[in-house]
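Work through the exercises below with the coordinates open. Each task is followed by a stepwise solution.

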Amino acid sequence: MTVLTAFRFLNRNRMRSVLTTIGIIIGVGSVIAMVSIGEGAKSVIQAQVASMGTNMILILPGATSVGGVRGGQGGAVTLTVADAQDLKKKVSLLNETGWAKRDVMQVVYGNQNWNVPVNGISPSYLRIRDWAFTSGGPFTESEMEATSRVALIGQTVLENLFPSGEDPVGKMIRIKNVPFQVIGVLAPKGQSPNGNDQDDIVFIPFTTAERKVVGAQFLGTVGALFASTERTEDLAQAVEEIRRILRERHRLRSEQPDDFTLRTQVDIGRVQEGTGETLTMMMFSVASISLLVGGIGIMNILLVSVTERTREIGIRMAIGAKRRHILVQFLAEAIILSMVGGLLGVIFGILGARATTLVAGWPTIISFEAILVAFLFSVAVGLIFGIYPANKASRLNPIDALRYE
Amino acid sequence: MDSLIACANLWKTYRLGDINVDALRGVDLTVQPGEFVAIMGSSGSGKSTLMNILGCLDVPTQGEYWLKGQDIARAESEELAEIRSRTIGFVFQNFSLIPKTSALENVQLPLFYQGVSLRDQRSRAEMALVRVGLKDREHHYPSQLSGGQQQRVAIARALVSSPSLILADEPTGNLDTQSGQEIMGIFQQLNQQDGMTILVVTHEHDIAAYASRHIVMKDGRIMIDQPTSEIHQVIS
């Protein structure tokens, strides 16, 4: 009956009750909305990182100076195909190694042309990158050996060169004026973690790139080496072994720094996630402040309520209410207020997150954990901020209370 | 026969700043079950203070107070609340019903605080409302009831816990003459038919006339304590 009485009282003073809970509604709502946006952003990042491949290790020529900026982009050409093959032999944890060399070139089909990064790759590259096809398929080792003029194009290139609906497989395109046959269209991958359009790409066999397109200098050298391990747990150890073998091959003395850069997909992912986490934490703190304000609002209104109902409290005490009855009554009002506020906040938070998706296009993921935590938090706020007024009410002297006008 | 109320040498002193105010200065009072007593006096006479102590809302600074053979003077507030709710029914000057709550629920309230089951609360409350003739209004809110009707609900509330004693503080103060007489009529009924002990505080002689015993207080002391007929003789 206490809960019913409390509920009825709040219901009859509906306007005031709603105004009181606005702080909680905003607090809970913003927590839910922000966490949803944050989770959505995190999932986008995770997808982007995953789109790079599975358990992938990236080896770039040139050292990383302090601050992570690579010195001499491609200037010091220190990685070779032979390096890759040696690594494959010696590091047992690796299930694949691949290599690539890239340049931006003009690609023409019919009367459409498009400037595209063209990558000469080993066939293993596609396996390391987990890259699927929407039509056609990859080139083979024998095509590599024969330096065949076959090409794979990405979705963006497809859209820009070919009229919609036309299957480019079998058609001839010209890469830097050299004719190539399209033998496959790559599945879309979207944006990379550092913002590049991964679908704006053309792949040709590495050997073909070396000899027929890029030019004959620096045969055997690569723009980047790729490797992958079977299991994510092996990445760290594989990286160390690669480092050791490459240093041997490049005849580096122990005091000399690496003349290459090793990066795993996990590292890249971690950086991005770290930023995301910081952002989420910040938004969470702001929202928590709002909840705090909401709690203070409840306490304030309850204190006013206690004062207004002093005489009523006196009467209740005169007709038999004990201290605990009065305490529980006002505490119930506080908790109901904050619970209803919490509920409304959850609803508005979900609506807000969905609205953001509609308007700004950011994906949002409603986390049930966040909803539960925010709701419990709001109940706790009601409890904590209601204790003081409820206690004050229960400690009133009945005689003074009865005399109160 | 054991007295219902037995007070000896009651003193109540308040501290106002650095002055001591004696609201009661040695009050002796005995009330038997079934009496109908009117307590009169101007403001400052101490009648309200006496009512508070008799009603277990306050404790005397000095002196004895035995209610139904129990020593009240030295009880703790928790105990007082317990005794209060079981033994005493209060009727206040301004009805003091909980607003926006039905008459029935108002009457149920003392039983709720005693932990009585909801079903018993309801049935006993209904009986009390029947006793004051307001059964047909049991679902009305106070704002939908006249002054007299509200006071009747208050009386029903006072009755619902089957108290030994009803204390009424200026029960007709906010009522017109006719309603006031109705209320006093109910008190008389309760006293004569049910043997309820009733103490009424009032400053109106017409109201006090309903009682069988008059007490007049002045400056914290009882000046007059006599059966009614004798008072009327003295005045006229």
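**Exercise 1.** Find which residue stands opposite Leu67(B) in β5(B).

Solution. Step 1: Gln70(B) in β5(B) stands opposite Leu67(B). Step 2: count the bridges. Two join β4(B) to β5(B), and the strands run antiparallel. Strands pair if DSSP finds at least two bridges between them. Strands (E, at least two residues) and helices (H or I, at least four) are DSSP runs, numbered from the N terminus.

This is a predicted model: local features need pLDDT of at least 70, side-chain atom pairs count only at pLDDT 80 or more, and totals for chains, interfaces and linings use all residues. Residues are numbered from 1 along each chain as its sequence is written, with chains lettered from A and ligands numbered from 1 in the order in which they are written.

**Exercise 2.** Locate Lys68(B) and state its phi.

Solution. Step 1: Lys68(B) lies in the loop between β4 (62–67) and β5 (70–71) of chain B. Step 2: its phi is positive, about 50°, although Lys68(B) is not a glycine. Step 3: most residues other than glycine have a negative phi. Step 4: Lys68(B) is partly exposed, because 16 other C-beta atoms lie within 10 Å. The cut-offs are 20 or more for buried, 12 or fewer for exposed, and partly exposed in between, with C-beta atoms placed from the backbone.
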